[in-house]
Structure formats: C-alpha cells, structure tokens
Amino acid sequence: MLKVVEPKQGRQAPERTGEALLRIEGLRKAFKGTVAVEHVDLDIRRGEFFTLLGPSGSGKTTTLRLIAGFERPTAGTIMLEGKDVATLAPFERNVNTVFQDYALFPHMTVAENIAYGLKAKHVAKEECRSRVAEALRMVQLSSLGERSPAQLSGGQRQRVGLARAIVNRPGLLLLDEPLGALDLKLRQDMQIELKHIQETVGITFLYVTHDQEEALSMSDRIAVFNNGRIEQVGSPREIYDRPASEFVARFVGTSSIIERDGRRLVLRPEKVRLALSADGFAGGGWHVESGRLEESVYVGLFTRHIVTLDGGEAVVSVEPNSDGSDGGLKAVRGQTVTVAWKSGGVFSLAG
Amino acid sequence: MTAAEFGLDGRQGGALRRLSALFWRRPSLALVGLVVPPLAWLVLIYIAALGVLFIAAFWSVDPFTGEIDRTWTLANFEAVVSISTYRTIVFRTILIAAAVTLTDAILAFPVAYFMARIAGRRLRLVLITLVVLPLWSSYLARIYAWRLILAHDGALNWALRAIGLPSLSIGYSNWAMWIVFSYVWLPFMIMPVYAALERIPPSYFEASQDLGARGWRTLVKVVLPLAMPGLIAGSIFTFSLTLGDYITPVLVGGPGSDFIGNVVYSNVGVANNIPFAAAYATVPLVMMALYLWGARRLGAFEVM
C-alpha cells in the first residue's frame, strides 16, 4: 500500500551545506562495569539521512539514547546546533524520537497523541489543530485521528509515532529501529515512504538499525558500530565496496575472506563466477582458481553456491536465475569447478 | 523394535489419560468441569445469601414475642431514612471511608511509584515484604497497638511531650478511626497501584519527556491516567473495607462513633431485630454499587 508523498510546493529543498548539525566527540557510556559506548566521534550534517548500523549490543541504540537525553554520558560532548546538550533533560533538547515499540499513549486518541508535544510547548489551539491535521495527512492517516492506538495495525501505529515526532519540527529526528516489528513487505514499503517523508520535510534523520539492507537503501551516510565503537563512517557505496575492516566486510553484505600473497582479500558473492572450465576466463583481467562445489541452494531470485577452493577456504558465489530452464551452472555436489573473479572486483583489508 | 515397545503407543495409559483425551476432544466439557463448581459456590452460597438478606429487610419483628413477622413492609427502610441517628451513622461511615480512601491513595502513590520505577530488584522485594508484613499479624493486635499509641498517656503524647509540644487528645475519636483505618488498609491500596505502575512501559515516560513534557505534565497526563485502574481497585478495597468494619470503631472510636456495622451487629445480637439489621446492611451495598457506577462513568475502567 505504498503511496508516494508529493513534495510540498514552495517548500525549500533540504539544505545540504555540509554544516554539522550534530557533533559528537569522545562519547563514552559505562553501565556498572560494562562499557556500552566508547570513543564515539560523529559529525551529522543538516538534512542528512544518517544511519547507525550494527549488531545488537554494539552501542548504536545507547548512542541514540544519549543524543535523546534518556541516558547521561560518562564522558564526551554532544553538540547540537552549536550547543552542548550532553547534560540537558530530554525536554530541553530540540530532538524527537520515534520509538521501536511506538510508545503511543493508549489512553489518548491518535490526534491527541500527535498533539501531545505541541500542548506541552503551549502551542496555540488553532495552530495545534492545523499542524496535527497536516501531520496526519503526511502519514496518510487523515481519517483515523479519532481512533485509539489499539485499533490500528502495526504499520499505522508506526506512522502515528512518526507523525507525533515530526509535528514538533525538531532539528534532529531520532528513529530507533522503527520498522523492526513490521513484516518484510510492509517494511520495504515503509522504507521508501520514510525516505520520501524525510526529503519532503527536510528534517535530519538519525536512524538506528541492525538491518544492513535497510541501512544501505535509505541512508546518505552510515556509521557501522561494533563493540561500542565506530568501525567505519561512509556512504552506502563506500561501506559496501570499501569496507575498512573485516567486521564491516562480514556484517554489511556477505563476504568470503581469503588470504593471497600475504593480503587478506574480500570477495563479494556477486563478483565470484563459477564455470565447468576456465575457457571463458581467458583475458579480461580474470583471476582463476579451482575448487570443489559443496552446496547449491536455490533461493528463487538467485542460486547460492558454496565452493571450497583448493587452498581450503570456502567461497560463496551467487548466480542470478535469469533464464530458468537451461542457464546456470551444471555441476553436481563434489564436482571440481573453476572459480574466477576480476582483480578490480575484490579488495584487500588493511592490516 | 516397535513403537509400542518404546512406550510411544498413544492408546496406552489409564483412566486419567482417557479423561484428558476426552477433554481434549470436547473442550466444552473441560470448560464446564472448570467453571461449574466455583460458579455453584458463588450462586448458592454468596448471591443466594445476599438475596435472603434483601428479602428479610422487608420483614419485621413482633415487639412482644420477638418472632419474625413475614408480611411485606417498608418500615425498616423508612426507619433508616427518617431517624436522624441512623442517618448520622450512615454519613459518618461514608465520610470516614472516603477520607481513608483519599488518604491511602495519597500515601500509596509515591510508595508504589518508588517500588515500581526507582527501586532496584532487591530493594523492591524488601519493600513489597515490608508492605505486606503487617497483614501477617492479627488485625486486632494492630488496632490494639494503635490504641496504646493514641491513648491519652500513650506513645504519641509521650513523644510530643519529649520534644516540648502540647499533647493531643485524639484517642477514642473520629480522628483516631481515620488514622487507624488509613493504616490498616494501606497495603490494599499500595499493591494494586504498584501493579498498575509496573505495567507502564518505560518508553511511555521517555516519549513524554521527549515530546517536551516536564515531570508534572508526564505525571498528570500519562502516569495518573494509566495508574487509574490500580487506584480504583485499591479504593474499592479501602472504601468497602472501611464501610463494612465494626471492630475499629469499638476499639479506637470514642462515644458516639458508631459505624453502620455496629448498628447491624447490635440489631442482630442485643436487639434481636434481624429484619432491621438486613435493611441497614443494604446501605453499604447500595453505596458500593453507586461508587462503582460513578467510577465507570468517569471512565476509570477504560484503560484496563
């Protein structure tokens, strides 16, 4: 049920001046002996869609909660619009949050939920009403303002959570795994819609997710978290094509890591080709090795092959199922196959 | 080896297993077995007794023989309404029950809030134990203890004299009843309020702050409405327990501090006028019904 949000006429395009809206330096948070976040430095630009990506327990959510003000940092500064907010209460910060569990107040209607922040700031009644209506329109729930949150579906609740935050026009919107509870199809629709809304309203989004595909498809830039630290910051393409560490290579996308000539190479499965003979790979910069086919798994869109190279390393290769009947590798389990990749398509890890 | 040798044959087993299987095939049978005994108890013993009580309220007692006269009459209810002593006793009972409920709500909320949201797991367990602990001792012993504290030469006045304040003469008065009732029923308010507060997800507090609300607004707009089912449940306990009590007025109340229960008690016993006792006993029932109806009208049960 994807509907495209038309950009508002006359609204200014998001400023992308490169100016830092949020600057975090030396951020550290320790809970009773365990360190959740350490040495975190971040610059987030105005109008950006910035994602904190990492496995659970990697410190991304703690970082978001520190920015929101739900936790106090052990050390470090959080400069928001030029002012250190690290010790301010959540209600003193120009930041709003979309919660993973939506956190809609069950005893209020959808419209009352959305108006909550405006009332807390004593916005005049008339303006309050029109802004709530506008927010409802933006998330396509105009007709549901008088419903109770319990009467809504998960996707609708998520939209209310988003509207309730955006209606306050915060400088920075924090989203804590907002699509985590939705099923795959709805999640994909909401990803596109979220991105549209972000471009329409021009608010800077700071998005937390453990889903690398979500991060790659939505973000302007991504910070990859591991063990409470940032492993790499970059655009989706930089993160995917030039991972700075083995962790990033393995966490973002699928990688096979092998050692050749003292260099650790990262092979992306879509860049590894398999064939019954090396004939097709003469010239054109192909690097050719041989191995034994261990497993072929048909997954609809593509077939995933796992091959053990003669050197003993396992390598994954995917092959699109473009032409059902005859295309594809005609090899059986245990058969020797040729494995090839272009040297331009692989990269070596530093260190 | 066959499946039967492993004991995997479903047809094995005794009567109990066959019964379970029967219940599994006929869930309605299981439901009947589960619900009928308690329902029978409730209807026969409880509701029927209330019905008999209500019917007896329309009877009267022959003043000469003391026999019950089973002709229908509204005389008992007329007496309850028209005789000012009985009216005063009803008002006193309701007023003190309301004051006790309000006092307990005000005292219980911060304690319950601390237990549910601030205390760590261990401290919470200690506090729950401390709240419930008085219920392990006799209710009479605790009221007697308060008698000793509030009496003219009791612990309260001794302490007041020790710090140079004038002594109070609140023993054997409505004040004493208010204090003692508020004390004995406090756990019945703390526990449901605690349960209600504990069920509020932490993210609601964060969302409220995040949207710009300070502590007071969060309390009034989010916490109190969501704690309301607990407060209502607690107030049903404190209000009805006070309404029906007749021991505390005897032990710590002064002269002329009778409750509805005392009148019922003396009419069942000394005066031997069970029909009038029955009529007077319907007053707290009606009061509770009105209270619940009012709470419902105010939407107190909607968040449940």
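Two strands pair if DSSP finds at least two bridges between them. Strands (E, at least two residues) and helices (H or I, at least four) are DSSP runs, numbered from the N terminus. This is a predicted model, in which local features need pLDDT of at least 70. Residues are numbered from 1 along each chain as its sequence is written.

**Exercise 1.** Find how many bridges join strand E14 to strand E15 of chain A, and which residue stands opposite Tyr298(A).

Solution. Step 1: E14 covers residues 286-298 and E15 residues 302-309 of chain A; the two run antiparallel and are joined by seven bridges. Step 2: Thr303(A) in E15(A) is the residue opposite Tyr298(A).

**Exercise 2.** Give the strand order of the open sheet in chain A and name its edge strands.

Solution. Step 1: The five strands follow the order E13-E17-E14-E15-E16, with antiparallel pairing. Step 2: E13 (273-275) and E16 (314-320) of chain A each have a single partner strand, so one side of each lacks a neighbour in the sheet.

**Exercise 3.** Describe how helices H10 and H13 of chain B pack.

Solution. Step 1: The axes (lines fitted to C-alpha atoms over the stretch in contact, with angles from 0 to 180 degrees between N-to-C directions) of H10 (residues 215-244) and H13 (residues 274-297) of chain B come within 11 Å and cross at roughly 165°. Step 2: H10(B) and H13(B) are therefore roughly antiparallel (an angle over 145 degrees). Step 3: Contact (heavy atoms within 4.5 Å) involves residues including Phe239(B) of H10(B) and Tyr291(B) of H13(B).

Methods: Chains lettered and ligands numbered in written order. Predicted model: local features only at pLDDT ≥ 70, side-chain atom pairs only at ≥ 80, totals over all residues. Heavy atoms only, no water. Parallel < 35°, antiparallel > 145°, perpendicular 65-115°, else oblique.
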